Amino acid sequence: MTIDTCVGSLKLERPGIVASGIMDETGASIARMLSSGAGAAVTKSIGLQPNPGHRNPTFTEVKGGFVNAMGLPNPGIDLFKEEMGAAIAGGKVVGSIYGATASEFVTLAGKMEEYGATAVELNLSCPHAKGYGAEIGVDAALVKKIVSAVKSSVSIPVWAKLTPNTHMLKEVALAVQDAGGDAIVAINTLKAMVISPEFGKPFLSNKFGGLSGPAVRSVGVRAVYDIRAAVDVPIVGVGGISDWRDAAQYIMAGASAFQIGSAIATKGVKVFDSINKDLEDFMRDFGYSTIKDMVGVAHE
Ligand SMILES: Cc1cc2nc3c(=O)[nH]c(=O)nc-3n(C[C@H](O)[C@H](O)[C@H](O)COP(=O)(O)O)c2cc1C
């Protein structure tokens, strides 16, 4: 019995991956997470230029999760080179990138490959960055153009991270498949808002943010199930995973691996080791010898 898994051609010793944006801004923090039971880590999304992100407040807790509008703060791809050097010393690192055009994604992906990324994750799904992210990820033709352009410019696997904030999820997933994408990552946060009654105003400076944590899990599981039914591309599930039951749901919906974001903030990095152990116990008790045996069983 083993919990190693493959996302397409990429083999992972463990199925849990650090999601983009949570404790992964520096090379040292990524390396630390990789030594705590994660099979890989995704970097914070990086753009061409340094970006300070949105003004505070950018983050708040709600029942069942968090709403954030960080605004993709990052040092820009050139300065990120040094962090990548420190990060890849710890294990497999997936470089997350965001851009406004296909050619920006191509430039960023090339640099991530040069810096030693194991794969590149295209953030086509941030719900609170104007001109980027979800504004691109709901347009199937544009998604196809970007994924195709990046695919023909790098030789590392290309993952497309999708938004659930659309009724066109199937079409967008098909666009990734047509473009030759190596995996689909689902889901990013759900577009959300918190209003402060005392001030009579939205709480976040950006007004809108993205909901993450347990509250989004059932939406994520449904999205992965729908994607699996529509395409034959490996899937990485993410959204509200904090224990083995959550992870197993995503795998049974069709994911070959999973990512964890918010639960790292609430449970700490030990969340990976505890899920690995509990998932092994479940697999032993229920007669699954590999993760692959469990992938998509809810469709049968
Ligand atoms: C504070 C914060 C920052 C995030 N930053 C990014 C980011 O830079 N790029 C990205 O693709 N997703 C980002 N996300 C989304 C997560 O990677 C993940 O898709 C989402 O939070 C759902 O997973 P979770 O419920 O395990 O947190 C961020 C989420 C949070 C909470």
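User: Starting with helix α8, which residue follows it, and what is its phi like?
Analyst: In this predicted model, α8 is followed by Gly-254, a residue whose phi is positive, near 135 degrees.

User: Which barrel do strands like β3, β15 and β16 belong to?
Analyst: They belong to a closed barrel of 8 strands with parallel pairing, which runs β3-β4-β7-β8-β9-β10-β15-β16. From one strand to the next, the twist averages 25 degrees.

User: How many bridges join β8 to β9?
Analyst: These two strands run parallel and are joined by 4 bridges, and Glu-121 stands opposite Trp-159 in β9.

User: Where does α6 lie?
Analyst: Helix α6 lies across β9 and β10 (183-186), and its direction is at about 170 degrees to that of β9.

User: Switching to α5, what is its reach from end to end?
Analyst: Helix α5 covers residues 140-151, has 12 residues and reaches 16 Å from its first C-alpha to its last, which is close to the 16 Å expected at 1.5 Å a residue. Its buried residues are Val-143, Lys-144, Ile-146, Val-147 and Val-150. An α-helix has 3.6 residues a turn, so residues three or four places apart point the same way.

User: What do the buried residues of α5 pack against?
Analyst: They pack against the strands β8 (119-123) and β9 (158-162), and also against the helices α3 (102-114), α4 (134-137) and α6 (169-178).

User: What about the open sheet, which strands form it?
Analyst: The open sheet has 4 strands in the order β5-β6-β14-β11, with antiparallel pairing. Its edge strands are β5 (59-62) and β11 (190-193), each of which pairs on one side only, and the twist averages 40 degrees from one strand to the next. Between β5 and β6 there are 4 bridges, and Val-62 has Gly-65 in β6 as its bridge partner.

User: Last topic, how many residues surround the ligand?
Analyst: The ligand is surrounded by 28 residues, of which the closest are Ala-19, Gly-21, Ser-212, Gly-261 and Ser-262. The elements giving two or more residues to this shell are β6 (65-68) and α9 (262-267). By class, the shell has 12 nonpolar, 14 polar and 2 charged residues.

Key. Residues are numbered from 1 along each chain as its sequence is written. This is a predicted model: local features need pLDDT of at least 70, side-chain atom pairs count only at pLDDT 80 or more; totals for chains, interfaces and linings use all residues. A residue is near a molecule or strand if its C-beta atom, placed from the backbone, lies within 6 Å of it. Ala, Val, Leu, Ile, Met, Phe, Trp, Tyr, Cys and Pro count as nonpolar, Asp, Glu, Lys and Arg as charged, and the others, Gly among them, as polar. The expected span of a helix is 1.5 Å times one less than its number of residues. A residue is buried if 20 or more other C-beta atoms lie within 10 Å of its own, exposed if 12 or fewer, and partly exposed in between; C-beta atoms are placed from the backbone. Two residues are in contact if their C-beta atoms, placed from the backbone, lie within 7 Å. Two strands pair if DSSP finds at least two bridges between them. Axes are lines fitted to C-alpha atoms, for helices over the stretch in contact, and angles run from 0 to 180 degrees between N-to-C directions.
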